[in-house]
Amino acid sequence: MTNFHCDFHSHTIYGDGKNTPAEMAEAAFRLGLTDYGISEHGFLANYAYSESKTFGMDEAAFIRYLKELEELKERYKGKMHLYIGVEQDGMGPEQKADYTIGSTHQLLKNGEYVMIDESEEILVDAVNRLWGGDWYALTADYYRQEAKIAALTDCQIIGHFDLITKFNQDFRHFDETCDAYLEPALQAMRELNKAQVPFEINTGAMSRGYRKEPYPSSILLRELKSMGGRIMLNSDSHQTGTLLWRFEEAAKLAVSCGFDCYYVLAPGGGYRREAF
């Protein structure tokens, strides 16, 4: 198995991370990364779970973020390729950087905004109130929104495609192998794969104790392979100690699903192919 030296999904104190951009970049450099991206959350209005009712970087914070990351880029020039990213939700405004991760964190149902990964308690309450207790109705709505994420964000990476399973370890709330779940998921995957944007294998929920396996599930990864889809390995790290989190395990999963390579961002734009 190859040595891993790239990671493009991570967060800082500009969002919900624990470390500064400088601390994250230094940790990446010390790990021997040749290519590293910080991808802070873009702005979301109508966020119900804070006093400000917003999430992510507003325009003032985004300008500060870009300035600080440009300075870090210069500091690591010739030593590590540093990329400035934004993790953008389909309901957020466009905030342009070197690259965008397109993710679905929020749904609108019956006039109410619901963050699907905030907490299990919040999601269970929302399913009971807004979806009549029908988890498959929720997952179908999620994948309808997810199917549009490449068009909505013009992203270079599809973020944690099946994030809706974050609180579903051991199929606690719904069966991820049944047609009611898989049909809308695969329909969304087919639509997104038309853009030929890599789907990340994301280990972030593993590092934070929510899941035992990466996103996407092995069933979805096998289907992605059959569609000719591309993958990328990312940690979705929120602190210095979880960069490259269990990438060997993620790579073994990818190989077991038929993949022999993954993609990474290339300096100046585009991707380059890395063999397992």
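This is a predicted model: local features need pLDDT of at least 70, side-chain atom pairs count only at pLDDT 80 or more; totals for chains, interfaces and linings use all residues.
Residues are numbered from 1 along each chain as its sequence is written, and side-chain values use heavy atoms, with hydrogens and water left out. Helices (H or I, at least four residues) and strands (E, at least two) are DSSP runs, numbered from the N terminus.

**The annotated span**
- Residues 7-183 are 34% helix and 18% strand, and their end C-alpha atoms lie 31 Å apart.

**Helix H9**
- Phe 247, Ala 250, Ala 251, Leu 253 and Ala 254 are the buried residues of helix H9 (residues 247-256); buried means under 20% relative accessible area, exposed over 50% and partly exposed in between (1.4 Å probe, protein chains only).
- These residues sit on the same side of H9 because they cover an arc of only 160 degrees around the axis, taken from the directions from the helix axis to the C-beta atoms.
- Their cover includes strand E1 (6-7), strand E8 (199-202), helix H8 (218-226) and strand E9 (231-234).
- After H9 comes Gly 258, with a positive phi near 105 degrees.

**Backbone angles to look at**
- Most residues other than glycine have a negative phi, and most peptide bonds are trans.
- Lys 53, in the loop between strand E2 (35-41) and helix H2 (59-75), has a positive phi of about 60 degrees.
- Lys 53 counts as partly exposed, at 46% relative accessibility.
- Arg 246 lies in the loop between E9 and H9, and its phi is positive too, near 50 degrees.
- At 38% relative accessibility, Arg 246 is partly exposed.
- Tyr 215 and Pro 216 are joined by a cis peptide bond, with omega about -15 degrees.
- Pro 216 belongs to the loop between helix H7 (204-207) and H8.

**Around Pro 267**
- You will find Pro 267 in the loop between strand E10 (261-265) and strand E11 (271-275), partly exposed with a relative accessible area of 43%.
- Beyond its neighbours within four places in sequence, Pro 267 is in contact with Asp 35, His 81, Tyr 83 and Arg 272, where contact means heavy atoms within 4.5 Å.
- Pro 267 and His 81 are 186 residues apart along the chain, yet their C-alpha atoms are separated by 7.1 Å.
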